[in-house]
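The sequence and structure are shown first.

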Amino acid sequence: MSSPEVNVICMKWGNAYAATDVNILRRMVARHLHRPHRFVCFTDDATGLDPGIDVFPVPPVPVPEGLEREAWAKLGTFTDPLAELSGTALFLDLDIVVVDSLDPFFELPGQFCIIHNWTHPDRIVGNSSVYRFELNTLGWVLERYCQNPLGARERYRNEQAFLSHTLADAGVELTYWPAQWCRSFKRHCMPHRLLAPFLPARRPESARIIVFHGNPKPQDAIRGEWKGRWRRMRPAPWIGDHWH
């Protein structure tokens with residue numbers, strides 16, 4: 001009996017990311033996910049996206065003025081109904097690098113699966129670079145945000161903190177991915193800052209996804225550049241073996 005089709009979804013709005021980032025993510029997913037799936041991009045500009053990507057408009061989310069570059073728009077994935085989609089969805093940020101099979105992300109039991117935030121492992125906060133849920137079941141999360149977007153921003157630092165606490169307060173258990181599956185490039189790949197000019201970034205053993213939150217981005221790390229920082233780093237060509 002074949003596995004049911006699943007959804008891999010991403011989101012691109014504004015000019016922080018380009019069509020190239022979506023296309024690379026789609027190709028990485030195609031290489032590393034072996035069950036039937038749809039690759040879906042919610043975007044305000046579909047120019048340059050490869051054929052085979054299912055494209056829908058970014059779901060409307062009332063993001064306060066001046067916060068458009070923050071990730072609050074990602075709460076639109078909980079729109080009910082979400083376009084024409086149904087079933088299980090794995091959300092992936094555009095600044096990740098897939099280095100091993102994604103199939104286990106659909107096999108781990110759990111109602112809502114997410115990265116346990118590396119910066120505050122003692123808190124109930126997930127990192128929303130990679131999360132899995134059942135589509136069209138969490139519309140109430142978005143509704144709760146829409147009731148007071150400014151209040152949500154004042155109380156919570158970002159969308160992933162709001163999401164984590166809203167779910168937990170409602171009794172929805174957060175299931176964290178096994179720690180080794182999703183690793184931070186800055187925290188788990190880079191050597192100590194004093195050694196960064198001399199030692200290259202390493203690929204953590206058993207990692208499936210490398211998350212490039214903030215800077216550097218994958219293309220920068222491949223070249224050994226860290227924009228906006230004094231820190232020097234050596235090129236990490238192994239990233240290019242996967243990010244293409």
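## Aromatic pairs

The model is predicted. It holds 16 aromatic pairs. One of them joins phenylalanine 91 and tyrosine 131, whose ring centres are 4.9 Å apart with 15° between the planes. This pair is stacked, because planes under 30 degrees apart count as such. It links distant parts of the chain: phenylalanine 91 lies in strand S4 (residues 88-92) and tyrosine 131 in strand S7 (residues 126-134), 40 residues apart.

Phenylalanine 91 is buried, with a relative accessible area of 1%, and tyrosine 131 is also buried, at 1%. Tyrosine 131 forms a tilted pair with phenylalanine 133, with 5.8 Å between the ring centres and 35° between the planes. Phenylalanine 133 is buried as well. Phe78, Phe91, Phe112, Tyr131 and Phe133 make up one aromatic cluster.

S4 is mostly covered, with 5 of its 5 residues buried. Thr88, Leu90 and Leu92 point one way from the strand, while Ala89 and Phe91 point the other way.

S4 runs parallel to strand S1 (residues 6-12), and 3 bridges join the two. Within S4, phenylalanine 91 is the bridge partner of isoleucine 9. S4 and S7 run antiparallel and are joined by 5 bridges. Threonine 88 stands opposite glutamate 134 in S7.

## Charge over a ring

The charged end of arginine 208 sits over the ring of tryptophan 181, at 5.4 Å from the ring centre.

Terms used
Residues are numbered from 1 along each chain as its sequence is written. This is a predicted model: local features need pLDDT of at least 70, side-chain atom pairs count only at pLDDT 80 or more; totals for chains, interfaces and linings use all residues. Side-chain values use heavy atoms; hydrogens and water are left out. Rings of Phe, Tyr and Trp (its six-membered ring) pair if their centres lie within 6.5 Å; planes under 30 degrees apart count as stacked, over 60 as edge-to-face and the rest as tilted. Helices (H or I, at least four residues) and strands (E, at least two) are DSSP runs, numbered from the N terminus. Buried means under 20% relative accessible area, exposed over 50%, partly exposed in between (1.4 Å probe, protein chains only). A charge sits over a ring if NZ of Lys or CZ of Arg is within 6 Å of the ring centre and within 35 degrees of the ring normal. Two strands pair if DSSP finds at least two bridges between them.
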